[in-house]
Amino acid sequence: MEEVDFANSLGRVLKENIYADRDFPPFNRVSMDGIGISHNSFFDGQRIFKIEGIQAAGSEQLTLKNGQNCIEVMTGAILPKNCDVVIPYEQVTIENGEATVNIDTIDYYKNIHKKGNDKNKGDILITENTLISSAEIGVLATVGKSKVRVAKNPKVMIVSTGDELVEVSEIPKEYQIRRSNVHTLVSLLKKKDIIAGTAHITDDKNELKQKIEGFLSDYDVLLFSGAVSKGKFDFIPEVLDELGVKKLFHKVAQRPGKPFWFGDTATSGMSEQDGKKRRGSSTIVFAFPGNPISTFVSCVKYFYPWLDTSLGLNLENKNLAILANDITFKPALTYFMQVKLEYRNGSMYAIPIAGKGSGDLANLVEVDAFIELPAEKSEFKEGAIFPVIKYRSC
């Protein structure tokens, strides 16, 4: 947990309750420009009122001295004493210092936002573990909460591996590719308000072990892309085991992303000075398969929910979509099918966009989400409803 300026808390998870420091609204508030009058005078048949003054927003409260008169009032102003009705300018005619009311009926306390009508002093306005949005920022400002306690985001390192990878600025040889997965992960984490470090390690076991050992001491979470399958140079699971990282599982019955590895360890670490880890804290390790779609799916399916839960959020995926076409998928695996989302008559439809495997990164540009099709079935009919994991606003 840490304390930050309220203006910089957007997207963070609140770690305290926020209380009303006074009634909401704090006074009887005029809700329309017009005139304030006494309801009794109107009820007695009076329709012409002499104007005593003007109650501006932000000025001290005036008092209606004569019950047969009126005071002009502005939206947001405190209601003058002895006034209990506001009649909008649109319903009055003002000439020679007098206001003539052009309607025959009006309700008591009409166009007045009564003191304490929304919340009372001491009421909880925002509960702990709320994800702070623009709405919460406004409330924090209203109650004078200039500093706010929020969950501290984990310190994350993203590591790519592989001799075939070169930097984005380089021209790859015919047997090489540019290092794209790490940048995809960086951008996905930015959406969660996390600025991650990055590193690249070649397919050398000794170098992997040395560098990963340092990362385990310095970071709360490691995200790997690649070297977790069965290839001769896929050293990550072996290295993590040798470094004492406890494997919680390796391989998931899904496509894409089957070789996904997940584990954690309690590390001695260093003190939290200079951004280092606290002594005795745990390092969580997500090791994603290196194919681009596998990395992408694994991050939004597994890392995102883990992060939300660790910060105290309970954000279940509630996005459901109607399958727009029949799909056949025979392997007994959960299938994350790439889809384009479309709204029809208020319902969300998922249109399958077939890619060319888990390496077809370009296909992600054409879609909005992954539809999650369960392993128990092989035939998925048009009109059926399934969960979708959205990564694009649409």
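1. Helices (H or I, at least four residues) and strands (E, at least two) are DSSP runs numbered from the N terminus. Seven of the 10 residues of α3 are buried, so that this helix is mostly covered. The buried positions are Asn181, Val182, Thr184, Leu185, Val186, Leu188 and Leu189.

2. Before reading further into details, please keep in mind that this is a predicted model, in which local features need pLDDT of at least 70 and side-chain atom pairs count only at pLDDT 80 or more, whereas totals for chains, interfaces and linings use all residues. Residues are numbered from 1 along each chain as its sequence is written, and side-chain values use heavy atoms, with hydrogens and water left out.

3. On confidence, the protein chain has a mean pLDDT (the predictor's confidence in each residue, from 0 to 100) of 90, and 93% of its residues reach 70 or more. Residues 267-275 form a stretch where the pLDDT is below 50, although in the model this stretch has 23 contacts (heavy atoms within 4.5 Å) beyond near neighbours in sequence.

4. As for the overall outline, six helices and 28 strands are found in the protein chain. Its radius of gyration, taken over C-alpha atoms, is 31 Å, well over the 21 Å that the globule rule (2.2 Å times the number of residues to the power 0.38) gives for 394 residues, so the chain is more spread out than a compact globule. The C-alpha trace of the protein chain spans about 95 × 55 × 40 Å along its principal axes.

5. How much of the protein chain counts as buried? Of its 394 residues, 44% fall in that class. When contacts in the protein chain between residues at least 6 apart in sequence are taken together, 68% of them join residues at least 24 apart.

6. Two cis peptide bonds deserve a look in the displayed structure. One of them joins phenylalanine 24 and proline 25, with omega of about -10°, and proline 25 is found in the loop between β2 (18-19) and β3 (29-30). Another cis bond runs from arginine 255 to proline 256, where omega is near -5°; proline 256 has its place in the loop between β19 (254-255) and β20 (261-266).

7. Positive phi values in residues other than glycine also call for attention. Tyrosine 109 has phi near 65°, a positive value in a residue that is not glycine, and tyrosine 109 lies in the loop between β9 (98-101) and β10 (112-113).

8. With a relative accessible area of 35%, aspartate 193 is partly exposed, whereas in α3 Leu188 and Leu189 are among the buried residues.

How values were computed
Buried means under 20% relative accessible area, exposed over 50%, partly exposed in between (1.4 Å probe, protein chains only).
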